[in-house]
Amino acid sequence: MVSEHDHICWGGGHHHSGGHTLAVEGLCAAYGKTAVLSDISFSASCGQTMALIGPNGAGKSTLLNLLAGLMQPTAGAMSWNGVPLHSMRHETAFMPQRTEVDWRFPITVRDLVEMGRYPSTGIWRSLRRHDIEIVDKALDTLELTELQHRQIGALSGGQQQRAFLARALAQEAHILLLDEPFTGLDVPGMESLAALLRSLAEEGRLIIASHHDLSTAAQIFDHSLLLNNRAIAFGPTAGVLHEQNLHTAFGKRRLTVTP
Amino acid sequence: MNEFLQFLTEPIALRSLWACAVIGFANGFVSALVVLRRSSLQIGTISCALLPGIALAILLFGFMQLSILIGAVIAGLMVGLGSLFIARSGKADHDTALSILHTTAFALGYIILIRLGLQQKVDDWLFGNIMSMSNTDLWIAWGTGAIAVLAITVLYRPLLICLFDPRAATAMGIPTRAFSYGIFALIILVLVSSLQAVGAFLTLGLMVAPAATMRLLTDRAALMFWGGGLIGCCGSVLAFFLSYPLGWHPGATIIVLQGCIFLTAWLLSPKYGLLRHRS
């Protein structure tokens, strides 16, 4: 049975005419009377990994929150394949920052991944065989099968992140929104997560992550949106992180960039 | 001992025993919410803030079960939501607002109760008097306990996502804010229904200790609810049996026993106990 939700974009990175595109147009957001984002527009397709880059307070988290439907924009629109993004809750999966998670919470890796089935099952339906197979597959894909009965706090940092990614896979989401996933990772940890995100994107997903480290952005993400309350540059990462753009975004506070 | 057995045949003793079991279970069950949300102190302040609601209800309507309940719920909500409102204004943080509002409310309640000439009753509201529970009180405790268990069981899956990862829950389309208010309302309902047994001061112990104990014994969230209920129920019943021969205050005995059970688990839990390596 193939419904439109089961669609897989084989060979991601190809151009799909009019489809599988996240289009953001004229997005504005404010906390109370303080405007945080104004007139953000970009479009991204499945197969891409995209970084949201900017100084502290630039609105990276706000933009992620808007995309995840955690807050309402004051103006503008977001659509996925031409349909309003938040009419399809299962399509976006959100991954919190590591420091935000209560790692002592009494759930196992499997419990966490099963949460991803919620948008499909709703409140009343329990997990069926189909759901259990999807959870098994997600655990297997991220090499967590042997760890599935561990409490989440008893995992290494990399394993914890894979567990959250497995939840996104179980959700069968096309758009993965990650809040600073590379914070606190050592170099091998960073490289393996970067490879993992790339392979998830190649299978036809769109990865969007806030990212604060300019020196690693080009290694990890093929596209970037540089912002500081407004969009300063958008496109392939190397081009976006151009001297002049960075000066506009970060001003004199800018860190030196190692190529 | 014979005297005690004789006492147990009295209806008031049976009623108190049932009250211990029902209130202990309901509190223990709901305590998992408090522990998983890590909001023990907030709940503690709110339980004390119920006092002015009770006092005002007595002032306005006299001793009426229902009006006292409603008054307590309104006072709890006013302090809980009021502190959130002050915190959202950005002028003071939530802890500060909650501390000021709840002590103010508590003091106000105390003044009203004294002015009403209810000094003797004050102790009962603060520390509980399980022997004074009427049949209606017992039914109310049954009802709120049943509502809490039913609501939590039916909504368990989305509830757990909300408790663990509220942002992802919202992104999945779960009405996280409605769940927050629902959790808050359930907690207040159970708090109020157990006020007569353990009082506004002590109720926090019964509302936290059972699930906190279970957390030391299990890594499964569902077991925190049911195990918490069991610990709350058995601990309270045991406390009732101990309090009579010892001549201790029953409500206080319940809380002391819950504390002892927690400390025992903290020391001896096979998984997380302090002494697990040395034994």
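**Entry 1: salt bridges between the chains**

I looked up the salt bridges that cross from chain A to chain B, and the rule finds four of them. A salt bridge here is a side-chain nitrogen of Lys or Arg within 4 Å of a carboxyl oxygen of Asp or Glu. The model is a predicted one, in which local features need pLDDT of at least 70 and side-chain atom pairs count only at pLDDT 80 or more, while totals for chains, interfaces and linings use all residues. Residues are numbered from 1 along each chain as its sequence is written, chains are lettered from A and ligands numbered from 1 in the order in which they are written, and side-chain values use heavy atoms, with hydrogens and water left out.

I then examined B:R167. With which residues of chain A does B:R167 form a salt bridge? One is A:E100, at 2.8 Å from N to O. Another is A:D179, where the closest N and O atoms are 3.3 Å apart. This second pair crosses between chains: B:R167 belongs to helix α9 (residues 166–171) of chain B, and A:D179 to the loop between β7 (175–178) and α6 (187–202) of chain A. I take helices and strands as DSSP runs numbered from the N terminus (helices H or I, at least four residues; strands E, at least two).

Are these two residues buried or exposed? B:R167 is buried, since its relative accessible area is 19%. A:D179 is buried as well, with a value of 3%. The cut-offs are under 20% relative accessible area for buried, over 50% for exposed, and partly exposed in between (1.4 Å probe, protein chains only).

**Entry 2: the extent of the interface**

I recorded 34 residues from chain A and 24 residues from chain B in the contact, where contact means heavy atoms within 4.5 Å. The size of an interface is often given as the accessible area lost when the parts come together. For chain A and chain B the buried area is about 2,400 Å², and carbon and sulfur atoms give 63% of it. A:F105, A:P106 and A:Y118 supply 27% of the area that chain A buries against chain B, more than any other three residues. Buried area is the accessible area (1.4 Å probe) that two parts lose on being put together, summed over both.

I also counted nine residue pairs in polar contact across the interface, both residues at pLDDT 80 or more. A polar contact is a pair of N or O atoms within 3.5 Å; within protein, one must be able to donate a hydrogen and the other to accept it, and residues adjacent in sequence count only if both atoms are side-chain atoms. Several elements of chain A give two or more residues to the side that touches chain B, among them α1 (60–68) and α5 (157–170). The largest share, three residues, comes from α3(A).

**Entry 3: A:N65**

I found A:N65 in helix α1 of chain A. A:N65 counts as buried because its relative accessibility is 12%. Not counting residues up to four places away in sequence, A:N65 touches A:Y31, A:L70, A:M71 and B:R167.

**Entry 4: salt bridges within chain A**

I noted 12 salt bridges over all chains. In one of them, the side chains of A:D136 and A:R110 meet at 2.9 Å, N to O. The pair links distant parts of the chain, 26 residues apart: A:D136 is in helix α4 (residues 129–141) and A:R110 in helix α2 of chain A. A:D136 is partly exposed at 35% relative accessible area, whereas A:R110 counts as buried at 13%.

A:R205 and A:E203 form a further salt bridge, their closest N and O atoms being 2.9 Å apart. A:R205 is buried at 15%, and A:E203 is partly exposed at 41%. Salt bridges that share partners also join A:R117, A:R125, A:D131 and A:E172 into one network.

**Entry 5: the sheet of chain A**

I listed nine helices and 10 strands in chain A. An open sheet of four strands has the order β2-β1-β4-β5 in chain A, with antiparallel pairing; two strands pair if DSSP finds at least two bridges between them. Its edge strands, β2 (34–45) and β5 (83–84), each pair on one side only. Five bridges join β1 (residues 21–31) to β4 (residues 75–80), and A:L22 has A:W80 as its bridge partner in β4(A).
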